[in-house]
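Me: Here is the structure I want to go through. Keep the answers plain, please.

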Amino acid sequence: MTALLPVYPRLDLRIVRAAGSELFTDTGRVIGDLYGGHAVCPLGHGHPELTAALTRAHSTLDFFSNSVLIPGQEEAANAVLGGSKHLAHVHFVNSGTEANESALHIARRKTGRETIVVLEDGFAGRTFGSLSVTGLGGYRKRLGAKPPEHWTRTIRLNDPAAVEAIDDTVAGVLIESVVSLGGVRVPDSAWLQAIQARCHDVGALFMFDEVQGGVGRLGTWFGHEGMGVQPDVVTLAKSLGSGFPVGACVVTAEIGAWASDGELGTTFGGGPMACAMVETTARLIREGGLMARVGELYARVESGLAGIPGVEVRGRGALIGVQTPRPAKDLQVALLARDLLVGTSGQSHTLRLLPSYNTPFEMVDRFVAATREVLNA
Ligand code: PLP
């Protein structure tokens with residue numbers, strides 16, 4: 001009997017403490033965290049500068065709502081923008097799904113249209129709006145009420161015919177910078193550019209869900225920077241606050257000029273503690289050169305697993321998918337028995353690694369050796 005609503009299929013693991021990329025259990029095991037708390041801990045666990053920033057914010061001004069200008073919010077917004085040439089404003093929220101709700105709201109209100117074009121394997125979150133534009137069937141089936149048919153139109157990643165789905169009834173197109181839960185698949189830059197051009201032609205917003213792929217995870221601050229496109233709207237969360245719940249909807253100056261008082265709002269979004277964590281996270285990632293380092297993590301996994309029959313490594317930076325001949329769930333259990341924690345995905349044979357950007361290379365090598373052992377390779 002548990003006091004908690006039983007909605008999570010949990011791993012049989014009791015973590016009592018964590019430091020860096022190591023998890024300590026109630027039975028004294030030390031487990032390598034290649035899952036990064038589900039893409040949430042870019043700097044590992046318990047970074048002392050984050051602890052200091054959070055403590056300082058709490059003891060200076062613990063909380064006040066957006067009815068006043070919150071100290072540190074402007075600095076946090078500038079850290080999020082990171083000198084972007086085309087993105088100009090940040091709206092802080094509390095999670096990825098809320099960031100996407102904001103994006104959907106902006107697209108529909110600004111264009112006066114209702115249809116959102118989404119990827120068939122995409123995932124946008126668990127609130128009603130985000131779930132209504134989530135392509136992954138396993139999640140969509142849990143919608144409590146059926147949204148009107150015309151709210152969503154589904155396209156296939158990298159399908160040249162996808163542009164035809166985008167016409168002047170479309171409010172916006174929402175694309176993950178790397179389709180993560182849907183099997184870790186990277187969009188082709190030329191395909192993205194064609195989708196962007198079509199959006200411009202028909203007056204639809206081109207929107208990137210970087211909840212998982214943003215904040216340096218793909219090797220650039222925004223994932224789209226490496227893809228030759230300039231989305232009108234970008235959503236962020238997960239790594240943004242290094243574990244403190246915070247999300248952001250980032251938009252162009254044109255959308256900023258359209259927005260007015262009351263258009264969006266939240267009590268907790270962009271509170272002082274969240275902003276301190278955002279600003280410090282961004283600074284430490286940049287100062288530590290960690291966006292260059294994630295490419296090395298990826299290359300190490302790719303070269304380490306090269307040549308194993310039926311194995312393919314996909315993704316970018318610290319968002320790594322490993323397609324395997326064995327079910328991903330079995331491999332996850334076998335790796336956990338060897339004191340390494342990895343994630344699975346919405347695809348039965350795709351394992352996901354979402355490590356901290358400063359994960360020791362030695363831990364990645366341990367993962368490669370353990371995977372080879374489990375696969376008899
Ligand atoms: N978008 C993507 C691509 C995600 O991976 C997730 C969460 O896994 C979300 C949105 C929803 O974020 P949250 O769980 O913070 O609401």
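**Helices, ligand and a few residues**

Me: What covers the buried residues of α3?

Reply: The cover over the buried residues of α3 includes β4 (87–93), β9 (233–236), β10 (247–252) and α9 (272–287). Cover here goes by contact, meaning heavy atoms within 4.5 Å. Buried means under 20% relative accessible area, exposed over 50%, and partly exposed in between, with a 1.4 Å probe and protein chains only. Helices (H or I, at least four residues) and strands (E, at least two) are DSSP runs, numbered from the N terminus.

Me: Before I go on, what kind of model is this, and how are residues numbered?

Reply: This is a predicted model, in which local features need pLDDT of at least 70 and side-chain atom pairs count only at pLDDT 80 or more, while totals for chains, interfaces and linings use all residues. Residues are numbered from 1 along each chain as its sequence is written, and side-chain values use heavy atoms, with hydrogens and water left out.

Me: Back to α3. Which residues of that helix are buried?

Reply: In α3 (residues 73–81), they are Gln73, Ala76, Ala77, Ala79, Val80 and Leu81. Just after the helix, Gly82 has a positive phi of about 55°.

Me: And α11, which residues are buried there?

Reply: Ala328, Leu331, Gln332, Ala334, Leu335 and Leu336 are buried in α11 (residues 328–337). Their cover includes β3 (30–33), β13 (340–341), β14 (350–353) and α12 (361–374). Asp339 follows α11 and has a positive phi, near 65°.

Me: Changing topic: how many residues surround the ligand?

Reply: 13, and the closest are Gly96, Thr97, Asp209, Gln212 and Lys238. By class, the shell has three nonpolar, seven polar and three charged residues. Nonpolar covers Ala, Val, Leu, Ile, Met, Phe, Trp, Tyr, Cys and Pro; charged covers Asp, Glu, Lys and Arg; the others, Gly among them, count as polar.

Me: Which helix gives the most to that shell?

Reply: α4 (residues 96–111), with three residues.

Me: Where is Phe123?

Reply: In the loop between β5 (115–119) and α5 (128–132). Phe123 counts as partly exposed because its relative accessibility is 24%. Leaving out residues up to four places away in sequence, Phe123 touches Thr134, Leu136, Tyr139, Glu176, Leu181 and Asp209.

Me: And Lys238, buried or partly exposed?

Reply: Partly exposed, at 22% relative accessibility. Lys238 sits in the loop between β9 and β10, and its phi is near 40°, a positive value in a residue other than glycine. Most residues other than glycine have a negative phi.

Me: How many disulfides?

Reply: Zero, where a disulfide is a pair of cysteine sulfur atoms within 2.5 Å. For Cys41, the nearest cysteine sulfur is that of Cys275, 19 Å away. Cys199 has the sulfur of Cys249 as its nearest, 15 Å away. Cys199 is buried at 0% relative accessible area.

Me: Last one: what does the side chain of Arg314 reach?

Reply: It reaches the backbone oxygen of Gly183 at 2.7 Å and the backbone oxygen of Val184 at 3.0 Å. Arg314 lies in strand β11 (residues 312–316) and counts as buried, at 16% relative accessibility.

Definitions and conventions. Near = heavy atom within 4 Å. Polar contact = N/O pair within 3.5 Å; in protein donor to acceptor, adjacent residues only side chain to side chain.
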